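The structure is shown first, and the description follows.

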There are 2 protein chains.
Amino acid sequence: MPQSDAGLDPAQEQGLVEAWDRAAAPAARRLMIAAVEAFAARGYHGTSTRDIADRAGLSPAGVYVHFASKEELFYRITLVGHQQTLRSALEAEAASGPAASAAERLRAVVAAQTAFEARHHTTARVIEYDLPCLSPEHFIEVNALRRQITAVVRGILADGVKSGEFDVPDVDGTALALLSMVTDVARWFPANSRQTPEQLGRLYADLALRMAAPHGTRAADAPGH
Amino acid sequence: MPQSDAGLDPAQEQGLVEAWDRAAAPAARRLMIAAVEAFAARGYHGTSTRDIADRAGLSPAGVYVHFASKEELFYRITLVGHQQTLRSALEAEAASGPAASAAERLRAVVAAQTAFEARHHTTARVIEYDLPCLSPEHFIEVNALRRQITAVVRGILADGVKSGEFDVPDVDGTALALLSMVTDVARWFPANSRQTPEQLGRLYADLALRMAAPHGTRAADAPGH
DNA sequence: GTCTATACGTTGATAGAC
DNA sequence: GTCTATCAACGTATAGAC
């Protein structure tokens with residue numbers, strides 16, 4: 001993956017380290033970071049356990065002290081990554097306040113998720129695009145988290161429609177399209193763009209509001225409640 | 001890939017057969033179809049040449065009569081797929097007529113590309129998401145085709161801005177976001193949706209026009225040229 | 001063009017010393 | 001917890017008969 005063999009930048013690594021804090025052994029953390037880099041660069045099947053062990057400074061056998069299998073290592077990364085993503089979305093929505101309009105909540109969530117995908121693009125690439133490599137049981141578990149993320153966006157769109165702030169004929173289809181747009185950032189960022197994650201978040205939030213706003217009015221001018 | 005182990009449906013197969021018509025030997029066609037199915041289901045690295053040979057009804061060695069390597073088989077699929085995609089975009093734009101407005105052209109291209117990604121979702125999944133598995137030389141070649149597809153969208157957006165039909169502060173960023181939305185259809189279709197490719201095309205074309213239209217006016221009511 | 005047989009590196013994972 | 005050594009299976013690709 002030409003644009004994805006870059007290592008984790010400091011901001012990204014800090015985010016991961018925080019999230020993986022409870023993964024007791026330092027070696028387990030190093031393995032997860034090494035695995036994220038390798039999986040992002042070459043995909044799950046394109047990465048050998050030797051690759052991962054090398055990057056983490058361990059022997060090939062060292063992996064199996066901390067993880068029962070390659071799939072389990074991948075599963076841990078995927079699970080934590082999705083939990084982080086969901087938390088980011090919920091926090092962004094909550095931060096816009098209890099009296100926030102649907103437009104404000106949509107802006108907050110889309111901006112946060114977009115910036116998140118950009119900032120953590122290495123991790124995001126792994127957890128967004130290699131998902132089918134999980135075992136069936138783990139796939140189901142992670143998919144439940146994904147559905148919660150979709151539900152956040154769907155809920156905001158539906159609320160906006162109910163209050164008259166939005167004009168969205170197909171809430172489910174629009175939510176899916178919107179999340180496609182946001183998620184795909186991880187695939188190309190930072191190539192093709194000189195923008196910061198925050199700038200990108202603002203652009204995508206604007207686009208999302210345009211997608212949801214009634215024709216003929218600005219979202220901000222829409223009838224509130 | 002739970003949602004991707006479905007075989008090629010008749011419409012899809014016909015499209016492929018047409019496109020691969022010049023691939024002389026019938027066995028070569030069977031191999032390409034078999035490879036598309038296998039790559040879509042398990043990814044490039046997750047697919048063995050034995051898998052492909054089996055699906056095509058050949059022995060493991062049979063592959064190498066028609067393709068020098070697994071990568072070359074993948075490259076042929078990827079190249080033809082991108083050529084088809086680009087042609088589809090150019091034809092859609094041309095079909096909207098020489099005097100078409102930017103809005104009409106945007107609608108035509110987005111609808112066509114979205115329907116294309118849905119209809120050929122098996123092939124599209126392979127050529128959109130396994131691209132980094134190409135050799136560096138082949139990657140560069142295919143990327144040139146991708147840039148042409150991006151250029152079509154960028155051109156329409158820029159024309160619309162110049163004529164006053166559109167209000168797009170960031171043409172490049174918006175084109176990228178728009179193509180992300182469209183491309184990602186291949187990843188999830190037909191799960192999560194009971195819509196036909198054509199219905200989906202109309203929805204996405206509407207969303208694209210909302211993204212580009214000036215705030216406060218319908219695209220169709222925008223000042224013309 | 002297709003087969004059988006096979007070369008030979010790599011893979012995920014384990015055994016057992018330290 | 002980490003290592004060295006190793007296994008059995010599988011990977012891509014080739015040789016040579018038909």
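Leaving aside neighbours within four places in sequence, B:Val142 is in contact with B:Thr78, B:His82, B:Leu131 and B:Leu134, where contact means heavy atoms within 4.5 Å. B:Val142 belongs to helix H8 (residues 136-163) of chain B; helices (H or I, at least four residues) and strands (E, at least two) are DSSP runs, numbered from the N terminus. With 0% relative accessibility, B:Val142 counts as buried. Buried means under 20% relative accessible area, exposed over 50%, and partly exposed in between (1.4 Å probe, protein chains only).

## Basis of the model

The model is predicted: local features need pLDDT of at least 70 and side-chain atom pairs count only at pLDDT 80 or more, whereas totals for chains, interfaces and linings use all residues. Residues are numbered from 1 along each chain as its sequence is written, chains are lettered from A and ligands numbered from 1 in the order in which they are written, and side-chain values use heavy atoms, with hydrogens and water left out.

## Chain architecture and symmetry

Chain A has eleven helices and zero strands. Of its 225 residues, 57% count as buried. Among contacts in chain A between residues at least 6 apart in sequence, 71% join residues at least 24 apart.

Chain B is superposed on chain A by a rotation of 180° with 0.0 Å of shift along the axis, at an RMSD of 0.0 Å. The two copies are therefore related as by a two-fold rotation axis. The same surface serves both copies, since 100% of the contact residues of chain B recur in chain A. The superposition is by least squares on the C-alpha atoms of residues with pLDDT of at least 70 in both copies.

The largest nonpolar core has 128 residues, of which A:Leu106, A:Phe166, A:Tyr204, B:Leu106, B:Phe166 and B:Tyr204 touch the most other members. A nonpolar core is a set of buried Ala, Val, Leu, Ile, Met, Phe, Trp, Tyr and Cys residues joined through side-chain atoms within 4.5 Å. Beyond its neighbours within four places in sequence, B:Tyr204 is in contact with residues of both chains: A:Gly173 and A:Ala177, together with B:Val110, B:Thr114, B:Met181, B:Val182, B:Val185 and B:Trp188.

Helix H7 (residues 121-129) of chain A is largely enclosed by the rest of the structure, because nine of its nine residues are buried. Among them are A:His121, A:Arg125 and A:Glu128.

A residue is near a strand if one of its heavy atoms lies within 4 Å of it. Sugar and phosphate account for 50% of the atoms of DNA strand C that come within 4 Å of the protein.

Phosphate oxygens of DNA strand C lie 2.7 Å from a polar backbone atom of A:Thr49, 2.8 Å from a side-chain N or O atom of A:Lys70 and 3.0 Å from a side-chain N or O atom of A:Tyr64. Helix H3 (49-56) of chain A and helix H4 (63-66) of chain B are the elements that give two or more residues to this surface.

## Surface near DNA strand D

DNA strand D is also surrounded by 16 residues, the closest being A:Ser59, A:Val65, A:His66, B:Thr49 and B:Arg50. A polar side-chain atom of B:Arg50 lies 3.2 Å from a base oxygen of DNA strand D, and a side-chain N or O atom of B:Tyr64 lies 3.0 Å from a phosphate oxygen. Here helix H4 (63-66) of chain A and helix H3 (49-56) of chain B give two or more residues to the surface.

A cis peptide bond, with omega of about 5°, joins A:Phe189 and A:Pro190. A:Pro190 lies in the loop between helix H10 (185-188) and helix H11 (197-212) of chain A. A:Asn192, in the loop between H10 and H11 of chain A, has a positive phi of about 65° although it is not a glycine. A:Asn192 is exposed, at a relative accessible area of 60%.

Definitions and conventions
Polar contact = N/O pair within 3.5 Å; in protein donor to acceptor, adjacent residues only side chain to side chain.
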